[in-house]
Amino acid sequence: MLNRGLYVITDTGLGDRLLPAVEQALRGGAVVVQYRDKSDDRERRLGEARALATLCRFYHVPLLINDDVDLAVAIKADGVHLGRGDGSLRTARQRLGANAILGATCHDSLIFATEAAALGADYLAFGAMFPSPTKPLARRADPALLTDARVRFGLPVVAIGGITVDNAPELITAGSYNLAVITDIFRLPTDAIRARAEAYGHLF
């Protein structure tokens, strides 16, 4: 199960900064890392994911893989995050085991959340909560969904999309267990990431 706090998602554009940037986020208190890379470079993705797995184990923080159960199995990741149409939660559970962490994208829909919870998701992710530079066309989700989902399903709810230190408190108040952040962490200079991660931690 996830700890409460900052949930960082890697930016495909990090390149050679990937490991040092993630390490700074971990030093700043990030409680979970998701490796997200939509490219077709399988060899590079495998190498990066393996390196991240080693790093995350050192810091005792779970590493999840975005939308790729095969890669999660190959590197013995702690779990996966699956988007709508990006694979079966049931199959992921069968392949990764009972202790794997399974997350599901629910966008702005309690119907999607109901389906994911029934299929064994360990947490439910809603967003975009605010305009997102990563997914500018993503549907917007009302923060009230976080409150409703937390009460209805009894599972951790994760907010994602356009989150900053300034707008994050509203989401925590609404019931967000984790704040999933890409841009406001990884678009910073590497030496500024730890302090920003710490700032998110203080919000909790």
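A residue is called buried when its relative accessible area is under 20%, exposed when this is over 50%, and partly exposed in between, as judged with a 1.4 Å probe on protein chains only. By that rule Phe-58, with a relative accessible area of 61%, is exposed, and Tyr-59, at 24% relative accessibility, is partly exposed. The model is a predicted one, in which local features need pLDDT of at least 70 and side-chain atom pairs count only at pLDDT 80 or more, while totals for chains, interfaces and linings use all residues. Residues are numbered from 1 along each chain as its sequence is written, and side-chain values use heavy atoms, with hydrogens and water left out.

We can begin with the interior. In soluble globular proteins, nonpolar side chains tend to be buried together. A nonpolar core is here a set of buried Ala, Val, Leu, Ile, Met, Phe, Trp, Tyr and Cys residues joined through side-chain atoms within 4.5 Å. The largest such core has 62 residues, and those with the most contacts inside it are Ile-65, Phe-126 and Ile-185. If contact is taken to mean heavy atoms within 4.5 Å, and neighbours within four places in sequence are left aside, Phe-126 is in contact with residues including Cys-106, Leu-110, Leu-145, Val-158 and Ile-160.

H1 spans residues 18-27, and its buried residues are Leu-18, Ala-21, Val-22, Gln-24, Ala-25 and Leu-26. What covers these buried residues includes strands E1 and E2 (32-35) as well as helices H2 (42-58), H8 and H9 (190-203). After H1 comes Gly-29, whose phi is positive, near 110°.

A pair of aromatic rings is described by the distance of the centres and the angle of the planes. Rings of Phe, Tyr and Trp (its six-membered ring) pair if their centres lie within 6.5 Å, and planes under 30 degrees apart count as stacked, over 60 as edge-to-face and the rest as tilted. By this rule the count comes to 2 aromatic pairs. The rings of Tyr-7 and Tyr-123 have centres 5.8 Å apart and planes at 75°, so they form an edge-to-face pair. Because Tyr-7 lies in strand E1 (residues 5-9) and Tyr-123 in strand E6, the pair ties together parts that are 116 residues apart in sequence. Both of these tyrosines are buried. Phe-58 and Tyr-59 also form an edge-to-face pair, with 5.2 Å from centre to centre and 80° between the planes. A charge can also sit over a ring, which requires NZ of Lys or CZ of Arg within 6 Å of the ring centre and within 35 degrees of the ring normal. Arg-84 lies over the face of Phe-112 in this way, at 3.7 Å from the ring centre.

The backbone has some features to inspect as well. Most residues other than glycine have a negative phi, and most peptide bonds are trans. A cis peptide bond, with omega about 15°, joins Gly-127 and Ala-128, and Ala-128 is found in the loop between strand E6 (123-126) and helix H6 (144-153). Asp-67 has a positive phi, near 55°, and is found in the loop between strand E3 (63-66) and helix H3 (69-75). The phi of Lys-76 is positive too, near 60°, and this residue is found in the loop between H3 and strand E4 (79-82).

Finally, we turn to the spaces in the model. On a 1 Å grid over the protein atoms alone, a pocket is an open set of points with protein on both sides within 12 Å along at least five of seven lines, and its lining residues have an atom within 4 Å of a point. The largest pocket has a volume of about 520 Å³. Of the 34 residues that line this pocket, the closest to its centre are Ile-9, Lys-135, Ile-160, Gly-161 and Ile-182.

How values were computed:
Helices (H or I, at least four residues) and strands (E, at least two) are DSSP runs, numbered from the N terminus. On a 1 Å grid over the protein atoms alone, a cavity is a set of points where a 1.4 Å probe fits but cannot get out, and a pocket is an open set with protein on both sides within 12 Å along at least five of seven lines; lining residues have an atom within 4 Å of a point. Grid points are joined across faces, edges and corners, and a volume is the space filled by probe spheres set on the points.
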